[in-house]
Amino acid sequence: MQIITTHKGTDFDALASVVAAKIIYPDAVGVIPRNVNANVKAFLSLHKDVLNLYEVNEIDLDEVTSLIVVDTNSWDRLEGMKKLKNRDDLEVILWDHHEEKDIVTDRKVQKEVGATVTLLIRELEKDRKILTRIQATLFLCGIYEDTGNLTFPGATGADAYAAGYLLDRKADLDVVNSFLKPAYGTKQKNTLFDMLKSSEVKEINGHRIGISKIDVSGHITGLSVVVNMYRDIVNVDAAFGIFNDSERKKCMIIGRSATDELDISTIMNSMGGGGHPRAGSALLKGGNPEEAEERILDLIAGNQQSSIQLSDIMSYPVFTVESTTPMDDVGKTLKSKGCTGLPVVENGRIVGVISRRDFSRVKKDKQRNSPVKAFMSRDIVTIDPKKSPLEAAKIMIGKDIGRIPVVEEGEVIGIVTRTDVMVYFYDLLPD
Ligand SMILES: [Mn+2]
């Protein structure tokens, strides 16, 4: 017998991948963990019969000769499959989009795409398989959920293509929306309201951080969704909810980030929790919300220093001119170096900038022998090499300038240009 299974805490990509794999391997039996996400559970409760899926206790594992694992490659994340782990006569086939873990395979399709089901859809298209409307809808839920509607940085062209393919096959967006947008209960609404009332926004290293400390009693489901909404409403780069249960002396911290520069998992790991770069949580025993807040802010401040600084992306060496250089020579230097502007220095210290535009003020021929300091702009904007690319970008946009000299202790050590910043943001750094 051949079975297809996926990870515990089954999300839409996992469920979609099992169902898609059932089309590719028509004789295989789909086995779904009992531990599935709430919205998947709701979907299953309506569609279980059409999908024809089994739970692991309905299967005789001794009969299994071939195992197809989708959307995970870690034995720990499978439910009730331990018995199969050390069988050497078992064929293992993998479809996944995660980093390699401990499942050793005979065959695998493993690529860095936003959703595993994207890989399976590609195969279905190749084989010209016909999809039902329910299948197309479920697969689209998988892609949209794992890629944040194709907006998460992990989303690829292949995901967008697969989504288009499913829309052409009549995937139902009303159904997709009703399952992907979880309904908020009264408890969640009240929690969100409390969070907004006690919300504080701080600026650390150029990042806007929203923090809200509130008291809770007992268990509230879906807190991470509430923190996500809170982040959207206060419109910050990262949001943290500190939920203090004074009765149980516990403090739950949930973080959400909208930027790659703030890695939530690093912050939560340092507090004994875990998660992904964009979402994570930690549970602090002893429950002191002020202390929790202080630790988060400290970690963000420290976290930043280890991330990319301007000194990593700036251009150097920088061509400079002495303030006494005649304009004629400055013009030649600009032309030969192909620059639009140059810092002007006196004893190594920056005193101004000269750009091609300033040459329009050179009216008479004899002015071409005047020193550059007569024409340069003394309104200089410089930046510290320890600042982040984001801060450089903010200055460029705010002051509408394309290049900023990078200055350390008064000395120009490099220059950061729009191109440097864009190359960094689009991750095109040659490596
Ligand atoms: Mn996935």
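Start by selecting residues 66-70 and 91-96: these are strands β3 and β4, which pair in the parallel sense over 5 bridges. Strands here are DSSP runs of E at least two residues long, helices are runs of H or I of at least four, and both are numbered from the N terminus. Two strands count as paired if DSSP finds at least two bridges between them.

Two notes before moving on. You are looking at a predicted model, where local features need pLDDT of at least 70 and side-chain atom pairs count only at pLDDT 80 or more, while totals for chains, interfaces and linings use all residues. Residue numbers run from 1 along each chain as its sequence is written.

**The parallel sheet**

Now widen the selection to the open sheet around this pair: 5 strands in the order β2-β1-β3-β4-β5, with parallel pairing. At its edges are β2 (29-31) and β5 (107-110), each pairing on one side only. From one strand to the next, the twist averages 20°.

Next, show helix α1, residues 12-24, which packs on the sheet and touches β1 (2-5), β2, β3 and β4. Its direction makes about 140° with that of β3. (Contact means C-beta atoms, placed from the backbone, within 7 Å; axes are lines fitted to C-alpha atoms, for helices over the stretch in contact, and angles run from 0 to 180 degrees between N-to-C directions.)

Then colour helix α4, residues 116-126, which lies across β3, β4 and β5 at about 105° to β4. Which residues of α4 are buried? They are T116, V117, T118, L119, L120, I121 and L124. Buried means that 20 or more other C-beta atoms lie within 10 Å of a residue's own, with 12 or fewer for exposed, partly exposed in between, and C-beta atoms placed from the backbone. The buried residues of α4 pack against α1, β3, β4, β5, α5 (133-147) and α6 (157-168). Just after the helix, click on R128, which takes a positive phi of about 50°.

**The mixed sheet**

Move along to the open sheet of 6 strands, ordered β6-β7-β8-β9-β11-β10, where the pairing is mixed. The edges are β6 (199-204) and β10 (274-275); each has a single partner strand, so one side of each is left without a neighbour in the sheet. Inside the sheet, β7 and β8 pair in the parallel sense over 7 bridges, and I209 has A238 as its bridge partner in β8.

Helix α8 lies across β6, β7 and β8, running at about 120° to β7. Helix α9 also packs on this sheet, touching β6, β7, β8, β9 and β11 (279-285), and its direction makes about 135° with that of β8.

Select α9 by itself, residues 223-234. N235 follows, with a positive phi near 55°.

Jump to strand β13, residues 341-346: 5 of its 6 residues are buried, so the strand is largely enclosed by the rest of the structure. Strand β12 (321-322) runs parallel to β13 and joins it by 2 bridges, with V321 partnered to V344. β13 also pairs with β14 (349-355), in the antiparallel sense over 6 bridges. The two form a hairpin with 2 residues between them, and N347 in the turn has a positive phi of about 50°.

Now try β15 (403-408) and β16 (411-417), an antiparallel pair over 6 bridges. P405 has I415 as its bridge partner in β16. This hairpin also has 2 residues between its strands, with E409 in the turn at a positive phi of about 50°.

**Zoom out**

Finally, colour by domain: domain 1 (2-179), domain 2 (186-301) and domain 3 (312-425), with bounds from an automatic or database domain assignment. The centres of domain 2 and domain 3 are 42 Å apart, taken over C-alpha atoms.

Conventions: Contact = placed C-beta atoms within 7 Å.
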